[in-house]
Each structure stands twice: as structure tokens, then as C-alpha cells.
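Open the model in your viewer and keep the selection panel at hand. The stops below tell you what to pick next and what to look for.

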Amino acid sequence: MIDVVMCLIVFYLLVGQLASDQRSDLTLPKSGSGDETTIAQAAFVNVRLEGDLLQLDVDGSPVPLAQLGSAVRAAPAVHLRADASLPYERVSPVLDELRNAGVRSVRVVAEQTMAPFGGSR
Amino acid sequence: MRRSRDPRHIYGPNLAPMVDVVLVILIFFMASIVFVGPEWFLPAAIPAEAKQNSDEADDPYALPDPTLSLRITTVDARPAVAGLGAGVVAIAEFESHATEQLRGVDPEAINIRLSAEAGVAWQHVVTVQDVLTRLGVRNIALDAS
């Protein structure tokens, strides 16, 4: 029993660590609809503002805007995780850079809002 | 057969407190994973830049672009949406307005291009995208220019 419980603890530690690597510390926009299907090996592009500087990272590794295209080129899909409070004119250069790299679509990451009675819409 | 409580028959450390602690740790990790929060994804295209000097642009017989351009703007410091029907509609009323405007239209046949003026928060863009997705619109693009 101890062995099994220890294995579970290690599992949750690893999953928690991986999840926090992909989810940088930002406030996601809220959405009442969306697709929960995940795509293996997809790149997570995190966009947030620190002071007046745009901070970008891909799967937790900081990347300058000019190198964003090469950082996501091998990924089968790009997930865009931008802070909800970011003005759109700070997000559009990221989209422009992705477009220049040949990315034709992104999956905008949003936080699920819960419908009444606890279900998600 | 009843086990003896004779200290001479107890071997090794007492594991009972360790099991308690380990179970508490396990419950903590399981709960924290749940609290990380559910995420989901809204697909959006990134359209290519419009061709300014192509022959197509000069063709007087070219069919009109089927893409509907919605622009998120600010009216009296409140976010609003322009481009769907007449006038500008506050984001809070956009869902009912869009439902009315898209009545009788196949939502999967519509292409919508979203743009926003300077200062509009990303949340408002996602809110409009969310409303359109719930109305069945599948072809939504985010303006990157």
C-alpha cells in the first residue's frame, strides 16, 4: 500500500510540475465555450506584460518576439495563452509573427466559466 | 490466531503515523491538481495579409469578400462591437444582437474577421469569439495587422 501511495504522490508531483511549466503565471480570459481536446506536442505560447515590456515564452522558455516563429515551427499546433488584461495591440504582433512563420491558425486558451448548477456550458 | 502485543514480537518502526502523513500528502496533491483550473481552446485563423496591388483587387467583376469584419471598439469607456448590422452594440448586449442578426443564416457558412482598436483588452476579443462560437460560427479569424 505504501508503495502504491508513494507512486501516486510522485505521479501527482510530476503532473503538477509539468502543468505549471506550461501554464505560466497569468490570468486567462474567461470563456463559456471551447474545445477541451488537447493536441500532443502542441506549443504553448504565453504572452504577458511585465511593466511595459511584452514577455513571451514557449512552454516555459523565454523567447524574443523575433524568434517566436522558429520556436513553434516544429509544433503541430500553437496554443495562445495571453493575459486577459493585455491590450489587443500587444497581442497582434505575436499573431503577426506567427503568421510570418507560416502558422495559419492558433487555439486561444481560455478559462472555463461554469454555468449555473455547476456544469460547464 | 490473535497477534501478540508482546514487544518481543514487534519488528521495525511503527508505520501507522507515516501512512497517515503520506495519505494527507496524497490528498493535498490530488486537490491541488484540480485547483489548477480547467482550460479550453477556441480555434482562430490568422488570415494572410490583404493583397493590395493584385489584379484581383482591380477586377470590377470580382465577387465581394464573404468575410464579415467585426471591430471591437470603445464607446463611453465601455467595450462595444461594430460591423454586425447597423450601429455599434455594447459587448454586454452582443449575444442577443448577434443572435438576432444571424437568424436564418447558416453560421458555418460565415467567415468572421475580428479586430480591435488600441486599448481593447484581450478578454473582450475572447468574449466576442466565445459568443460567435456558441452561435455556431466556426470560421473566425483574428486580425494580425
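Is V103(A) buried or exposed? V103(A) has 22 C-beta neighbours inside 10 Å, so V103(A) counts as buried. The cut-offs: a residue is buried with 20 or more other C-beta atoms within 10 Å of its own, exposed with 12 or fewer, and partly exposed in between, with C-beta atoms placed from the backbone.

Before moving on, some ground rules. This is a predicted model, in which local features need pLDDT of at least 70 and side-chain atom pairs count only at pLDDT 80 or more, while totals for chains, interfaces and linings use all residues. Residues are numbered from 1 along each chain as its sequence is written, and chains are lettered from A and ligands numbered from 1 in the order in which they are written.

**Stop 1: around V103(A)**

Stay on V103(A). This residue sits in the loop between helix 3 and strand 6 (105-112) of chain A. Helices (H or I, at least four residues) and strands (E, at least two) are DSSP runs, numbered from the N terminus. Leaving out residues up to four places away in sequence, V103(A) touches V72(A), V78(A), L98(A) and I46(B). A contact here means C-beta atoms, placed from the backbone, within 7 Å. D3(A) and V103(A) are 100 residues apart along the chain, and their C-alpha atoms are separated by 46 Å.

**Stop 2: helix 3 of chain A**

Select residues 88-100 of chain A, which form helix 3. Its 13 residues should span 18 Å at 1.5 Å a residue, and the end C-alpha atoms are 18 Å apart, which agrees. The expected span is 1.5 Å times one less than the number of residues. Colour the buried residues of this helix: Y88(A), V91(A), V94(A), L95(A), E97(A), L98(A) and R99(A). An α-helix has 3.6 residues a turn, so residues three or four places apart point the same way. After helix 3 comes G102(A), with a positive phi near 95°.

**Stop 3: two loops with positive phi**

Most residues other than glycine have a negative phi. Pick Q41(A), in the loop between strand 1 (30-31) and strand 2 (43-50) of chain A. Phi of Q41(A) is positive, near 70°. Q41(A) has 8 other C-beta atoms within 10 Å and is therefore exposed. Next pick D59(A), in the loop between strand 3 (53-58) and strand 4 (61-62) of chain A. D59(A) is not a glycine, yet has a positive phi of about 55°. With 18 C-beta neighbours inside 10 Å, D59(A) counts as partly exposed.

**Stop 4: the interface**

Show both chains. In contact are 44 residues of chain A and 37 residues of chain B. On the chain A side, helix 1 (2-22), strand 5 (78-82), helix 3 and strand 6 each supply at least two residues. Helix 1 of chain A gives the largest share, 10 residues. By class, this side has 24 nonpolar, 10 polar and 10 charged residues. Ala, Val, Leu, Ile, Met, Phe, Trp, Tyr, Cys and Pro count as nonpolar, Asp, Glu, Lys and Arg as charged, and the others, Gly among them, as polar.

Strands pair if DSSP finds at least two bridges between them. R107(A) has P43(B) as its bridge partner.

**Stop 5: chain B**

Chain B has four helices and six strands, in the order α-β-α-β-β-β-α-β-α-β from the N terminus. Of its 145 residues, 24% are buried.

Select strand 5 (residues 111-116) of chain B. Strand 2 (residues 67-75) runs parallel to strand 5, joined by six bridges; here S69(B) stands opposite R113(B). Strand 6 (residues 139-142) is also parallel to strand 5, with four bridges, and N139(B) stands opposite N111(B).

Finish on helix 4 (residues 122-134) of chain B. Buried residues account for 12 of its 13. Just after this helix, G136(B) takes a positive phi of about 100°. Strand 5, helix 4 and strand 6 of chain B make a right-handed β-α-β unit: with the strands pointing away from the viewer, the path from the first strand over the helix to the second runs clockwise.

Terms used:
Two residues are in contact if their C-beta atoms, placed from the backbone, lie within 7 Å.
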